[in-house]
Amino acid sequence: MQAELLLRASNLSYAAAKRVILDRISFELRRAQITTIIGPNGAGKSTLTNIVTGLINNFDGEIERAPGLRIGYLPQKVYVNTLMPLSVLRLLRLTHNASDREIEHALAQTGVTYLLQRQVRSLSEGELKRVLLARTTLGQPDLIVLDEPTAGVDVSGEIRMYELIGELRTELQCAVLLVSHDLHLVMSKTDQVLCLNQHLCCSGLPESVSQHPEYLALFGQQAADSIAIYAHHHDHEHDVGGDHTGHRHD
Amino acid sequence: MMLAAIIRATGMTEWLDDFLVRSVIAGLIMVAIAAPMGCLMVWQRLAFLSDTLGHAAVMGVGLGLLLEVTPVFGVLAVALVIVFSLNRVNSFNSALSETTLAIISHTGLAGGIILVGLLPAQTVNLEAILFGDLLATTSADLTRLLITTVVLLLLLLHHWRSFVAVSVSREIAQAEGIEVRKVQLLMYIMIALLVAVMMKVMGVLLIAAMLVIPTTSARLFSRSPEQMVAVSALYGLGALAGGISSSFHFDWQTGPAIVVSATLLLLVTLAITRIFRSHLE
C-alpha cells in the first residue's frame, strides 16, 4: 500500500521575463517520504519549491494539495528583519500556539535550546537557520519544505542536519521536500530524487537516478561514483538491522 | 450621529467648544493610531509610502476643492488610486521601488500645488495643508478622526498576528497559509485611510515623521513587537504634549512643533542608552 498522497503536481510550467524556468514538471509527495530536488544553478529548484509553498501562483499546470495541508518552510536565504524586536520564543509562536514543551523539544532537536530568550536580530546566520529549522517542525506540519538547509553550514554540521531531517520524518510522519546540491550526502535518507534542469531530467530512487545518462551528463561520473559508495553504506546498514546510529559512516 | 447625541446628552458640548480641548483630543486619537501603524510600516519598510501618499494628498485636496467635496475625500480617493496601482505593479518579493514612490510623491505635490493655485486665494490655506493645523480642529474633523481610528484599531486587532508574521518573513508566512497578498493590500488601504485623517493634524509633509520618529525611539530598547507599539505611543504622547504646549506658549506651528519635540525625545533617548551601555561595559 502506498503512503497517503499529500501533493500532486501535474505539468507545472513557469516562465519569467519570457525565459522558461520550469517545463512541464510532474511529481507526487507522499507522507513520511523524503523527496530531494537536485540540479545545477538556475535549474529552477527554488522556483519549484516556491510553487509548492504557494509563493508563486501564476504558473501553468496544476497543483492538488491534500485538504488542510500544513506546510513548514525554511527558505534558502533568510532575511532577518532587524527593525522588529523579536525573541526566538516569539518567533517560534508567530503563527501557531506551540506549548513550552513542544518548543523546548524542537529547539533541542536542532541543538539550540540556549537561544530561546535571545533576540532574533542578534543571531548568526547558522543559529538562525537552526532556529527556523526547529520552527518548521511546530504546528504538526504535513509537509516540510527545506530549500538548501545546509548552505553556510560546515560539513560535519551538514551530515548531522541530514540525519536530523531523517529523524524528523520518522518522528513527525511528515513528507519532506528538500533542495540540495549534494546528492551523495542525502542519499541514504532519500526516497525519491527529482533531477531538475528546467525540465525533469529523471526521477526515481537515488540509485537509479545516479546511473541515469542525463544525471551523469549534469553531474559527471565522479558524483555518480561517490553516490555508489554511499549507497553501499546504505545497503550495509540495512543488513545489520537498519540501526541508524550514525557512527558507522566512518 | 450617535456620537453627537452622546456628546449632547453628557453635556460635553460646551467643553468641546473649546478649541484647545478639541485639538488635544484629536492629538491623542492620532497618537493612538500612529503608534501601531507606524511600527508596522517601519517593520515592513513602508514609511516612505506614507510620505508619498502625503505629498500626493495635495493633489487630492485640490481635486476635492475643485469638485466641491470635503477635501479629505479627495485625499482618500487619490491615496486609494495610488495604493491599488502600487499593489498591481508590486511583485511579491521586491520592496516598493524608491524611484517609483519618489516620482508619484513629487508629481502629486507639484500637480496639487498647481491645482490649488488655480482656486480663488481665500478658499485654501496652503500652509495648513502642508504643515497641519491641529488648533483649528472642528467637531466634524474630530468625528472623522475618531471613526477612522476605531475602524483601523479593530482591523489591527483582528489581523495583528498576520501583520506581524508578514513583517517577519513574507515567504514563511505565505507557506504557512497566510494570504500575504491580501494582507499587503489591506495594509496599503489602511495606510491610505491613515494618511487621509492624519493630514488635518500633521499636514501632508509631516505625517511620516509622526509615524517614524517615536517608533525609532521605542525600538532602541523594546524586546517585543507589542512593547515597541506601547512605547511608541508613550513617545507620541510626549511629542504631542511638547508640541501643543510650545505651540500655545511660543506661538509655534503645532505640526512642526510636534515633530521637533519627537526628535528631541529621540536624541535624549539615544544619549541615555549610550551612557547606560557604556556603564555596563
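## Sheet, helices and chain contact

In this predicted model, chain A contains an open sheet of six strands with mixed pairing, in the order β5-β6-β7-β3-β8-β9. Strands β5 and β9 (199-204) of chain A form the edges, each pairing on one side only. On average, neighbouring strands of the sheet are turned by 15 degrees against each other, direction ignored. Within the sheet, β3 (residues 34-38) and β8 (residues 192-197) of chain A pair in the parallel sense over four bridges. In this pairing, A:Thr35 has A:Gln192 of β8(A) as its bridge partner.

| Helix of chain A | Strands of chain A | Angle |
|---|---|---|
| α4 (residues 125-136) | touches β5 and β6 (143-147) | about 170 degrees to β5(A) |
| α5 (residues 155-172) | lies across β3, β6 and β7 (175-179) | about 160 degrees to β7(A) |

The contact between the chains takes 18 residues from chain A and 21 residues from chain B. On the side of chain A that touches chain B, β5 (71-74) and α2 (88-92) of chain A each supply at least two residues. The residues of that side of chain A divide into 12 nonpolar, five polar and one charged.

In chain B, helix α3 (residues 19-43) packs against helix α11 (residues 207-219) at an angle of about 80 degrees, with the axes 8 Å apart. The angle therefore makes α3(B) roughly perpendicular to α11(B). Residues of this contact include B:Ala34, B:Met37 and B:Val42 of α3(B), and B:Leu211 and B:Pro214 of α11(B). The contact of α3(B) with α11(B) comprises 10 nonpolar, two polar and no charged residues.

Note on methods. Residues numbered from 1 in each chain as written. Chains lettered and ligands numbered in written order. Predicted model: local features only at pLDDT ≥ 70, side-chain atom pairs only at ≥ 80, totals over all residues. Axes fitted to C-alpha atoms, helices over the stretch in contact; angles between N-to-C directions. Parallel < 35°, antiparallel > 145°, perpendicular 65-115°, else oblique. Contact = placed C-beta atoms within 7 Å. Nonpolar A, V, L, I, M, F, W, Y, C, P; charged D, E, K, R; others polar. Pairing = 2+ DSSP bridges.
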